[in-house]
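Morning, everyone. Please have a look at the structure first, then I will walk you through it.

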2 protein chains.
Amino acid sequence: MALRVGVVGGGQLARMMVPAAVELGLDIRVLAEGPGMSAAIAATAEGDHRDVDVVRAFARDVDVLTFDHEHVPQDVLRTLVEHGVVVRPGPAPLGVAQDKIVMRQRLTELGLPVPDWAAVHDQTELRAFLDAHGGRAVVKTPRGGYDGKGVRVVTDASDADDWFTAAAETGAGQALLAEELVPFTRELAQSVARRPSGEIVAWPLVETVQRDGVCAEVIAPAPRSAGRLADEAEAIAVRIARELDVTGVLAVELFQTDDERILVNELAMRPHNTGHWTIDGSTTSQFEQHLRAVLDLPLGATGTHAPVAVMVNVLGGPADGDLGARYPGALEAFPEAKYHFYGKAPRPGRKVGHVTVVGEDVDDVVFRARAAAAHFDD
Amino acid sequence: MALRVGVVGGGQLARMMVPAAVELGLDIRVLAEGPGMSAAIAATAEGDHRDVDVVRAFARDVDVLTFDHEHVPQDVLRTLVEHGVVVRPGPAPLGVAQDKIVMRQRLTELGLPVPDWAAVHDQTELRAFLDAHGGRAVVKTPRGGYDGKGVRVVTDASDADDWFTAAAETGAGQALLAEELVPFTRELAQSVARRPSGEIVAWPLVETVQRDGVCAEVIAPAPRSAGRLADEAEAIAVRIARELDVTGVLAVELFQTDDERILVNELAMRPHNTGHWTIDGSTTSQFEQHLRAVLDLPLGATGTHAPVAVMVNVLGGPADGDLGARYPGALEAFPEAKYHFYGKAPRPGRKVGHVTVVGEDVDDVVFRARAAAAHFDD
C-alpha cells in the first residue's frame, strides 16, 4: 500500500505537493477549507483546521500529517499527538513559527543574529524602543501575518494604537513585536529540509525581491553569495532546524545588512515561495523534499539543472480574470519558461501563479522570467 | 476558468499527465475503467470507453478529449466528433494507430522505410511469406496487442493457426500481419509533438532496450546517433505526424538494421514509455507537451537538463507487494535518482514504476539508474 500523507490546508503549497506525491507514488490527501481550493484535486475532506474533531477525523488514515500553513492551533496539534497522530513538523517547532515574539526569543537564546527587538505592551514601551532606535521601528503583530499583512513601519508611539487596542480587546494582553528597521542591502532566503532521523540537506542561498511586502522574484543562487555568505546562511538554517527540531522544509528569510552581516527575518516551516524555483531548477523540488522529510524517507539531491534559476510571481493576474487567454502569447514567446498556476481566480495582489526560467546568465534569465510572467499582468 | 482536458483511460499515462496539468493550471479529468486505477486522483467518471453514451457524458464539459490508450472504437470516436467534441488525436490518425495492417499500408503509401510485410489470411498466404523470407517471420494480431502480446515469431505456416481460427470465429475475416524478422542491431524511438495549428517539436532520438517484448530501459539521447541517424529519425517522425494529421505526442519505434538503415516498427499516438525520461531530463516533459499540443497551445522547449538521461522500468516489483518498504534503501543509495510509481499493485512483468537518472557519462548513468531501479526488484 502506498505511503499516505495528509496535508492540512488546501492552498497552493498543498497543490504543489500533489505532483511530487503522484510521481513518487504516494497517497496524498488534503483537508481543504472548502470547495474550489487550489489543492482541490487531492481534497478528501473539507473543514475547519481549528476544529480538533475535523482534523482528527481527517488524520485517522494517514501515516503522517503535515501542513499547507502554520495556522493549526497548538491545542489541536497537541491533541493529535496525544492520540498517536504523527505530526510533522511537530507542535513545538510550529509554536515557534506561529508567534513572532516566541521566534525572536528562541533565536536570541540560540545566539543567532537577529534585528534588535522587544515585546512592547503599550505606547510607553514602544516609545522607549523608538527612542533607542533613531525614532523608527517595524511593528509586527505576533500572529497571523503574511505577505506584508500585520507589519508596519512606525515613527510615532501612537502609530500602533489600533493594534494595541485590538490586543487588549482579545483579553490576551498580547504584546506586539517591535524591531529595528534594519539597513539591509538585499533580502536572502535559505531553505533546508530535515527529517526525523536527523538528515539535513540545503538548497543554494537565494536572493529575494519583495514588492509591497510580497515576494516578487527569486534568483537562485543569490548573485555574489559564494563562500562566506552562503556558508553562514546555511549554517544558520541548519542550526535552527536542529535546535528547534524542525521536520520537513524550513525556509529562513534573511537580511543582508549594509555592513555585510546577515540577520534572520522570518521562518517558515513548510515549502515557501522563495523555494518554488526548485520545481524546475533542482534535482529535488522543495515539495518532493518536504514529503520525503515528513515521511522520514532519505532526502533527495539538491543540485541544480543550470547555473541560474529565476522565479517571478504572477501577482494579481488580468483584470478580466481570464488567465487562460494569456497562455498562447506567453507560451509562444518563451517556450523554455515553466508556467505554474494555482487554480485561483485573479484578484489584485493575489499570488495566482509563478514562472521559472533557468539558464546560464543571470541578467538574461531575469529578463526572460520577468517578460514571460508579464504576459499574465493586467 | 481553467482550460479543461478530459482523458479517456485511467492508466499510468493518464496519471503522469496529472502533475503536468496541475503545474500548468489546467483542469484535468479522467474517465477511468473503474476504481483504484493509476490516475484515480483525477478520475471524475468511471465507465467503459467502448460505450458511446459513457464517453459522451464524460466529454460534455471538457475543451478537448484525449487518451491514455488507443482502444476507443472508431464508431465511438466518430460519434463524438459529430456531436462537436474536440477529439485529439482525431479518429483518422487513431485509426492508423489502432490497426497494424492499416499502419503498414499507410507508411508504405508514404514511402517510409518499413520491414517487408504482408496481410495474411490463412496458412497458405503465411507459407508463401515464410518461403519468401528464409522461413522465418514475425506474425502480429493487427489489434489490441501491447508489450509483446499479440506478437509471435513463427517458422512454420501452422504456428499461427490459433490466431487464424480466432479471426475466423469473429466473422470479420480479419487478416494477420506478417513481417520479415528484421536483422536489427538495436531499437530506437523518436518522439515528436504536433499541435493542430501545425507546430511540431522533437525530442532527441533515444535507444530502447526491450526484454521479453517489454521496454526495459531507455537511453537519451541514443549513443552514437548524432548526425545522419538522428536527422533521419526526426524526419520520419515529423513526416508521419504531418501526413497522418497526428495531434499530441507521437512516438515512433524504430529498428536500426545491420546495414545501417532505420525501419519503422510501431507507432503510438500518446505519451509513450520511451519518453518517460523527459519528465526529469527535458525542459518540457512528454506529458506536459501532450496537454499543450491537444489544447493547441504553443509547444514547450525540448532541450535537456544534462548530456545523458537513462530511464529504467520497474517491472513486477517485489513478490511481497510492498513497494513502500523498498523506498528507504533506494532513496538513500541514489538520492539523485528520480523515482516514479504508478499506484499499481506489484505483479510479475507489470510496469509498476520507473526510475530516471541524468548525468554526464552514459556508462555511469546507466549503472546508477539500473542499480536504483533494482532496489524494487523481487
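**A sheet, its helices and a pair of chains**

In chain B, strand β6 (residues 137–140) pairs with strand β8 (residues 176–179) in the antiparallel sense, over three bridges. Strands here are DSSP E runs of at least two residues, helices are H or I runs of at least four, and both are numbered from the N terminus. Two strands pair if DSSP finds at least two bridges between them. Within β8(B), B:A178 is the bridge partner of B:V139.

A word on the source. This is a predicted model: local features need pLDDT of at least 70, side-chain atom pairs count only at pLDDT 80 or more, and totals for chains, interfaces and linings use all residues. Residues are numbered from 1 along each chain as its sequence is written, chains are lettered from A and ligands numbered from 1 in the order in which they are written, and side-chain values use heavy atoms, without hydrogens and water.

Back to the sheet. It is open, with four strands in the order β5-β8-β6-β7 (chain B), paired antiparallel. β5 (117–120) and β7 (151–154) of chain B stand at the edges with a single partner strand each, so one side of each has no neighbour in the sheet.

Next, helix α4 (residues 91–98) of chain B. Seven of its eight residues are buried, so the rest of the structure largely encloses it. Buried means under 20% relative accessible area, exposed over 50%, partly exposed in between (1.4 Å probe, protein chains only). Among the buried ones are B:L94 and B:V96.
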